[in-house]
Amino acid sequence: MAPKMVSESVETAQALAGDPKHAVRATRSAGRQMRSRLLDGASRLFKERGLSGTSISDIAAAADAFPSQITYYFRTKEALFVEAACRDMLYVARAAEQAALSAHTPRDYTRALVESVTSTDSVAFFAEALTLTRRRQDLAPLVERTIERLHGEGLRAYSNQIERHGWTTLRDPDATSRRFWAVAIGVMVEGYAMGRSAEELSAEMLRVLGEQATTTSTGDGGRLRLVGNPTSASDSPEGETSS
């Protein structure tokens with residue numbers, strides 16, 4: 001047995017011999033660590049080789065685990081594929097939001113988001129998971145939850161920037177949030193199929209997205225305002241998002 005797995009087994013055994021509550025926490029912690037290792041290894045291999053080119057044994061070896069642990073935690077290779085792709089997508093969204101925090105104009109904010117998203121192949125990986133769920137509807141709920149988190153967290157992040165800088169949004173907040181990721185997935189899938197570079201993907205995304213907001217003062221202390229609908233938007237706690 002590999003040293004890392006021996007260590008985990010010893011820690012779990014010691015926990016089981018002590019306080020029952022501590023034993024439960026230790027077991028859960030070990031389980032989370034194992035799941036994380038399996039997802040890390042699977043993500044790398046799936047992006048390199050694809051679903052059909054990656055075996056359960058390959059993933060187990062990459063994660064220093066047993067093949068039976070993959071079926072225990074994820075049931076099937078397809079379920080692991082979808083969960084790894086969803087996790088990667090959320091990581092990309094978080095990294096994009098962090099990269100855009102220092103932007104001072106709407107255009108710079110959108111550019112930072114786009115360049116962060118197009119610099120990785122995780123969006124294309126997620127698109128493959130979307131395609132897979134067409135044949136495996138049992139895996140669709142995880143994808144649906146991931147998409148809703150993308151929209152919700154992107155909306156929150158951009159709303160904060162709107163309030164902070166006093167920008168004026170140009171489109172409906174929720175629609176813009178959903179539009180950003182729809183454009184990202186579409187541009188990335190098409191771009192990979194046509195062999196486009198990250199720079200070309202970024203330029204195409206920026207072209208399709210266009211302007212997201214303006215720096216025009218709202219005149220109400222920087223609160224969020226939608227162009228053409230100031231009354232209803234100023235009462236809303238949420239803002240437009242380009243992520």
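Modeller: Here is a short tour, from the whole chain down to single residues.

Modeller: This is a predicted model, where local features need pLDDT of at least 70, side-chain atom pairs count only at pLDDT 80 or more, and totals for chains, interfaces and linings use all residues. Residues are numbered from 1 along each chain as its sequence is written, and side-chain values use heavy atoms, with hydrogens and water left out.

Biologist: OK, how many helices and strands does the chain have?

Modeller: There are 11 helices and two strands. Those are DSSP runs numbered from the N terminus: H or I with at least four residues for helices, E with at least two for strands.

Biologist: And what order do they run in from the N terminus?

Modeller: α-α-α-α-α-α-α-α-β-α-α-β-α.

Biologist: What share of the residues is buried?

Modeller: 45% of the 243 residues. Buried means under 20% relative accessible area, exposed is over 50%, and partly exposed is in between (1.4 Å probe, protein chains only).

Biologist: Let's talk about α5. How many of its residues are buried?

Modeller: 17 of 24, so that helix is mostly covered. From first C-alpha to last, α5 reaches 35 Å, close to the 34 Å expected at 1.5 Å a residue. The expected span is 1.5 Å times one less than the number of residues.

Biologist: How does α5 pack with α6?

Modeller: Helix α5 (residues 77-100) meets helix α6 (residues 106-118) at an angle of about 145°, and their axes are 8 Å apart. Axes here are lines fitted to C-alpha atoms over the stretch in contact, and angles run from 0 to 180 degrees between N-to-C directions.

Biologist: Which residues make that contact?

Modeller: On α5 they are V92, A95, A96, E97, A99 and A100, and on α6 they are Y109, A112, L113, S116 and V117. Contact means heavy atoms within 4.5 Å. The set divides into nine nonpolar, one polar and one charged. Nonpolar covers Ala, Val, Leu, Ile, Met, Phe, Trp, Tyr, Cys and Pro, charged covers Asp, Glu, Lys and Arg, and the others, Gly among them, are polar.

Biologist: Switching to loops: where does D64 lie?

Modeller: D64 is in the loop between α3 (56-62) and α4 (67-74). D64 has a positive phi of about 55° although it is not a glycine, and is partly exposed at 24% relative accessible area.

Biologist: What about R75, buried or exposed?

Modeller: R75 is exposed, with a relative accessible area of 52%. R75 sits in the loop between α4 and α5, and its phi is positive too, near 75°.
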